[in-house]
Amino acid sequence: MSETGSQVQNATLLDLLDRVIDRGVILAGDVTLSVADVDLLYLGLRVLLVPVERLPDLVNPPGQTDCSEVLCG
Amino acid sequence: MGSACCVYAITAGSTPLPAASRGAPASLTTVAWRELAAVTAPMSDDRAPVTMRAVLHHEAIVEAVRKEGPALPVRFGTMFRDEASVASAIAARYEPLVAELDRLGDKVELSLTALWGEPLSDDGRVVSQLEGPLADEQSGAGYLLARAAEERHHDAMKEHARTLAHELDQVLRRFACGRRVRLAPTPRVAMRAAYLLDASRVGDFQSAFESARRSVRELRVLMTGPWPPYSFVRQTDAHGATAMVGGIAGVAQRLADAMRERLG
């Protein structure tokens, strides 16, 4: 695949991620998502954009419900 | 198989499920509440995987469902312990969901990303006549002057992006029934926009886009889609009030913008 074609494919994938993980109808939910056997509160796919070595940092301590501070830190 | 349910889309109760022959999983089912239904699939346990494959699978199902009739895309990773919980969630948002399905169910969106075509300096800044000399950042005063200059540069870029976005928008808006525009979200990205339109107008929109992109030479403009209308769904809480999805939404946006930066 040419460099331009690769960039187009990457941009399409980014646009998909942007939509699927963060938009659309929100019904909430009550099932835990997990990545690499690490239970997380709902974060959607955004965890894939974080280096794998940071995954243990993303597990919420008891009582914390908003991971945005962790991801921004 | 466990009783947990993954939700993909909201449809009218009369809309059929896509056939397995069209690529939809045989395990797809619906959870109905009055005139609405949630398209769901059972999950093997209550720890759902977050993988690229799962994301692509989610989108494939949403698009397959929309080929059968109007449908609203549900955010990835929406899972409930059982079908009764799904029905309760629909019931709590019934009227807004009916209104949204009527408004958006048969619409699509196209995404526009405009990258600056100008060369960038090593620290990612656009090198142009808009940028003045950098102050000495070793001193406190120098640091503040440098930050002030950076702020002025960012404002100038944003204004320039606004002008270019307006030029593009003037051409494209007549095909759209809604749009979302973000100007200069990062130093490399001049504009990101989503246009909502009837599926029948996609061809006209794409033709107009090809003509318009040639007139904005400072930008590299990329269009993707059509997508289900994720960007135009109004979020409501269980009481029907419009909720602001900030916080984590903002974080995801910044991460997505950072990924775009690397595309150059």
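Which residues do ring pairs link into a cluster? Before I answer, a word on the basis: this is a predicted model, in which local features need pLDDT of at least 70 and side-chain atom pairs count only at pLDDT 80 or more, while totals for chains, interfaces and linings use all residues. Residues are numbered from 1 along each chain as its sequence is written, chains are lettered from A in the order in which they are written, and side-chain values use heavy atoms, with hydrogens and water left out.

The cluster consists of Phe175(B), Tyr195(B) and Phe205(B). Over all chains, the search of the whole structure finds 2 aromatic pairs, where rings of Phe, Tyr and Trp (its six-membered ring) pair if their centres lie within 6.5 Å, and planes under 30 degrees apart count as stacked, over 60 as edge-to-face and the rest as tilted.

Phe175(B) and Phe205(B) are edge-to-face, at 6.5 Å centre to centre with 80 degrees between the planes. Phe175(B) lies in the loop between helix H4 (140–172) and strand S8 (178–183) of chain B, and Phe205(B) in helix H5 (residues 202–213), so this pair ties together parts 30 residues apart in sequence; helices (H or I, at least four residues) and strands (E, at least two) are DSSP runs, numbered from the N terminus.

Phe205(B) is buried at 0% relative accessible area, buried meaning under 20% (1.4 Å probe, protein chains only). The pair of Tyr195(B) and Phe205(B) is tilted, because the ring centres are 5.2 Å apart and the planes at 55 degrees.

Terms used:
Buried < 20%, exposed > 50% of the residue type's maximum accessible area, 1.4 Å probe, protein only.
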